[in-house]
Amino acid sequence: MTTVLPLFPASVVGSLPRPLHVRELIEKPQWDANDERAMDAAVRYAVSMQEFAGLDVVTDGEWRRRSYIGVIAELAHGFTLEINPADGRPWTVVTEKLALKEPGFIAAEAKFLKSVARAGTKITLPAPGLLGERLWDPERSRKAYPQREDFVRDCVAPLRREIKLIRNIGIDIVQI
């Protein structure tokens with residue numbers, strides 16, 4: 001069930017800044033039950049902080065995601081994690097044709113958010129065009145996607161599947 005929201009609901013824009021303990025958790029390659037409980041507690045705190053501030057719509061801060069843009073790699077195969085030669089930072093780049101993974105990574109975030117929020121809820125997803133700007137490279141992606149537009153089109157299916165799951169959970173807003 002969705003929440004009745006005001007005409008112009010107040011909410012955060014973008015990811016919430018991550019405290020050190022959250023950054024340390026998302027950098028761990030494997031989580032155990034204690035790590036999962038710690039992240040759940042952190043997200044509960046993020047939600048309660050937004051509710052205490054009086055926001056009409058709350059998010060989980062995207063705290064479970066290593067990367068807002070790179071989250072597409074949780075929904076589809078075909079990506080390689082590399083170091084960006086331009087700035088030396090980690091870089092998810094498409095190197096193979098996308099193949100759908102089991103859906104539900106972002107929907108699991110949404111389900112937890114819905115279970116702890118008393119206000120309206122919002123989940124954010126990167127737009128296919130933004131994915132094309134950030135994850136497609138003319139050299140590295142050429143074999144799989146000679147044209148950026150072809151990669152952008154293929155990003156729609158995994159995002160659409162996830163949006164259907166999120167809608168069924170009862171999230172009020174999906175921001176793309």
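## Helices α3 and α5

The axes of α3 and α5 approach within 9 Å and cross at roughly 15°. Axes here are lines fitted to C-alpha atoms, for helices over the stretch in contact, and angles run from 0 to 180 degrees between N-to-C directions. The two helices are therefore roughly parallel to each other (angles under 35 degrees count as roughly parallel, over 145 as roughly antiparallel, 65 to 115 as roughly perpendicular and the rest as oblique). Helices (H or I, at least four residues) and strands (E, at least two) are DSSP runs, numbered from the N terminus.

The crossing of α3 and α5 is right-handed; a crossing has this hand if the near helix is turned clockwise from the far one by less than a right angle, and is left-handed if anticlockwise. On the α3 side the contact is made by Phe-105, Ile-106, Ala-107, Ala-110, Lys-111 and Lys-114, and on the α5 side by Glu-162, Leu-165, Ile-166 and Ile-169. Contact means heavy atoms within 4.5 Å. The residues of this contact divide into 7 nonpolar, no polar and 3 charged. In this division Ala, Val, Leu, Ile, Met, Phe, Trp, Tyr, Cys and Pro count as nonpolar, Asp, Glu, Lys and Arg as charged, and the others, Gly among them, as polar.

## Basis of the model

This is a predicted model, in which local features need pLDDT of at least 70 and side-chain atom pairs count only at pLDDT 80 or more, while totals for chains, interfaces and linings use all residues. Residues are numbered from 1 along each chain as its sequence is written, and side-chain values use heavy atoms, with hydrogens and water left out.

## Two oblique helix pairs

Helix α5 also packs with α4: their axes come within 8 Å and cross at roughly 130°. α4 and α5 are therefore oblique to each other, and their crossing is right-handed. From α4 the contact takes Pro-128, Gly-129, Leu-131, Gly-132, Glu-133 and Leu-135, and from α5 Arg-148, Phe-151, Val-152, Cys-155, Val-156 and Leu-159. By class, these are 8 nonpolar, 2 polar and 2 charged residues.

Helix α1 (residues 20–27) packs against helix α2 (residues 33–52) at an angle of about 140°, with axes 10 Å apart. This pair is therefore oblique as well, but α1 passes α2 in a left-handed crossing. His-21, Val-22, Leu-25 and Ile-26 of α1 meet Asp-35, Ala-38, Met-39 and Ala-42 of α2. The contact of α1 with α2 has 6 nonpolar, 1 polar and 1 charged residues.

## The nonpolar core

The largest nonpolar core has 40 residues. Such a core is a set of buried Ala, Val, Leu, Ile, Met, Phe, Trp, Tyr and Cys residues joined through side-chain atoms within 4.5 Å. Met-39, Trp-63, Phe-79, Leu-98, Leu-131, Phe-151 and Ile-166 have the most contacts inside this core. The elements that give two or more residues to the core are α1, α2, β2, β3 (90–100), α3 (105–116), α4 (128–135) and α5 (148–169).

Leaving aside residues up to four places away in sequence, Trp-63 touches Leu-16, Pro-17, Arg-18, Pro-19, Val-22, Ile-26, Met-39, Ala-42, Val-43 and Ala-46.

## Strands β2 and β3

Leu-81 lies in strand β2 (residues 76–83), and Thr-95 is in strand β3. Leu-81 is exposed, with a relative accessible area of 65%, whereas Thr-95 counts as buried at 11% relative accessibility. Buried means under 20% relative accessible area, exposed over 50%, and partly exposed in between (1.4 Å probe, protein chains only).

These two residues are 14 apart along the chain, and their C-alpha atoms are separated by 9.8 Å. Not counting residues up to four places away in sequence, Leu-81 touches Pro-90, Trp-91 and Thr-92.

## The loop between β1 and β2

Tyr-68 is found in the loop between β1 (57–58) and β2, and is partly exposed, with a relative accessible area of 26%. Tyr-68 and Ser-15 are 53 residues apart in sequence and 8.1 Å apart in space, C-alpha to C-alpha. Beyond residues up to four places away in sequence, Tyr-68 touches Glu-62, Thr-124, Leu-125, Pro-126 and Leu-130.

Glu-62 is also placed in the loop between β1 and β2 and counts as buried, at 5% relative accessibility. Phi of Glu-62 is near 60°, a positive value in a residue other than glycine. Most residues other than glycine have a negative phi.
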